[in-house]
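Here is a short briefing to read beside the sequence and the 3D view. Keep both open while going through the points.

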Amino acid sequence: MMKIPISQILRSRRRTIALVITRDARLVVRAPVHTTITEIEALVEQKRNWIAKKLTQVQHKQTIHRMNPFRDGELFRYKGKQYPLMITSGEQSIRLNDHHILFPERYLAHPERAMTYWYAHEALRTLADRVQYYTNTHGFRHTGITVTGARTRWGSCSPADRLCFSWRLILLPESVIDYVVVHELCHTVEKNHSARFWNRVGAILPDYKERKALLKEY
Ligand SMILES: [Zn+2]
């Protein structure tokens, strides 16, 4: 197995070793003054699984909240997968093919705005489709769908049963998108997180707990 790189060791008059994962996905070790490197490495090795999990979480968060530079080959998320960008002069609008996100050269003047607009458009199309699917199969009623740029919540359901979703959902795997859709649709019936609410979610998605845990990673 590969050694986990330690990017910094900060020594101070503390009594125990602490492992810190920074927001830019680095491992920093805080250690008492006389701790040896062998001791530190042993602890890092022992906590390998925890560190790996935390690093993945932070990396997920990074790519959800910040876009890569708009250059050929830079990776962008779409439905849980990463696609390299391909800058083209032949396309009229942003488009996904099997392998790339095709990005018209003329959008390079305001790339982030163009990309966000495309993501939001794709999110609305996908979410409307998934809402329709679960509405048809499980008889829910709602009064409309809105897609917003919300950063702090993935979805909500108003007292009047209007569904609201963050466009960032389009970055996540389809299984997670469906979980958020079902969650909000169940709020049209149960306006709380009672046992009855979770039973309803579970009746539609028996594996909702795994999906919910996956959502939490983002
Ligand atoms: Zn809820």
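A salt bridge is a side-chain nitrogen of Lys or Arg within 4 Å of a carboxyl oxygen of Asp or Glu. By that rule, Arg-211 forms a salt bridge with Asp-207, and their closest N and O atoms are 2.9 Å apart. This is a predicted model, in which local features need pLDDT of at least 70 and side-chain atom pairs count only at pLDDT 80 or more, while totals for chains, interfaces and linings use all residues. Residues are numbered from 1 along each chain as its sequence is written, and side-chain values use heavy atoms, with hydrogens and water left out.

**Salt bridges**

- A search of the whole structure finds 10 salt bridges.
- Asp-207 counts as partly exposed, at 30% relative accessibility.
- Arg-26 forms a salt bridge with Asp-24, with 3.2 Å between the closest N and O atoms. Arg-26 is partly exposed because its relative accessible area is 32%, and Asp-24 is also partly exposed, at 42%.
- Asp-178 forms a salt bridge with Arg-130, with the closest N and O atoms 2.8 Å apart. This pair links distant parts of the chain, since Asp-178 is in helix α4 (residues 174-187) and Arg-130 is in helix α3 (residues 111-138), 48 residues apart. Helices (H or I, at least four residues) and strands (E, at least two) are DSSP runs, numbered from the N terminus.
- Asp-178 is buried, because its relative accessible area is 9%.

**Domains 2 and 3**

- The chain is divided into domain 1 (8-65), domain 2 (75-110) and domain 3 (116-217). These bounds come from an automatic or database domain assignment.
- The C-alpha centres of domain 2 and domain 3 lie 26 Å apart. Their contact takes 9 residues from domain 2 and 11 residues from domain 3, where contact means heavy atoms within 4.5 Å.
- The size of an interface is often given as the accessible area lost when the parts come together. Buried area is the accessible area (1.4 Å probe) that two parts lose on being put together, summed over both.
- Domain 2 and domain 3 bury about 810 Å² between them, and 62% of it is on carbon and sulfur atoms. On the domain 2 side, Arg-77, Tyr-78 and Lys-79 lose the most area to domain 3, together 66% of what that side buries.
- How many salt bridges are counted between domain 2 and domain 3? The count is 1 salt bridge. The side chains of Glu-174 and Lys-79 meet in a salt bridge at 3.7 Å, N to O.
- On the side of domain 2 that touches domain 3, β4 (75-78) and β6 (95-96) each supply at least two residues. The largest share of that side, 3 residues, comes from β4.

**Tyr-208 and Val-201**

- Tyr-208 is in helix α6 (residues 208-217), and it counts as buried because its relative accessibility is 12%.
- Not counting residues up to four places away in sequence, Tyr-208 touches Tyr-179, Trp-198, Val-201 and Gly-202.
- Tyr-208 and Asp-178 are 30 residues apart in sequence and 9.5 Å apart in space, C-alpha to C-alpha.
- Val-201 is found in helix α5 (residues 195-204). At 0% relative accessibility, Val-201 counts as buried.
- Leaving aside neighbours within four places in sequence, Val-201 is in contact with Tyr-179, Val-182, His-183, Cys-186 and Tyr-208.

**Positive phi angles**

- Ala-25 is not a glycine, yet has a positive phi of about 60°. Ala-25 is found in the loop between β2 (18-21) and β3 (27-32) and is buried, with a relative accessible area of 18%.
- Asp-161, also not a glycine, has a positive phi of about 65°. Asp-161 lies in the loop between β9 (155-157) and β10 (163-166) and counts as buried at 18% relative accessibility.

Terms used: Buried means under 20% relative accessible area, exposed over 50%, partly exposed in between (1.4 Å probe, protein chains only).
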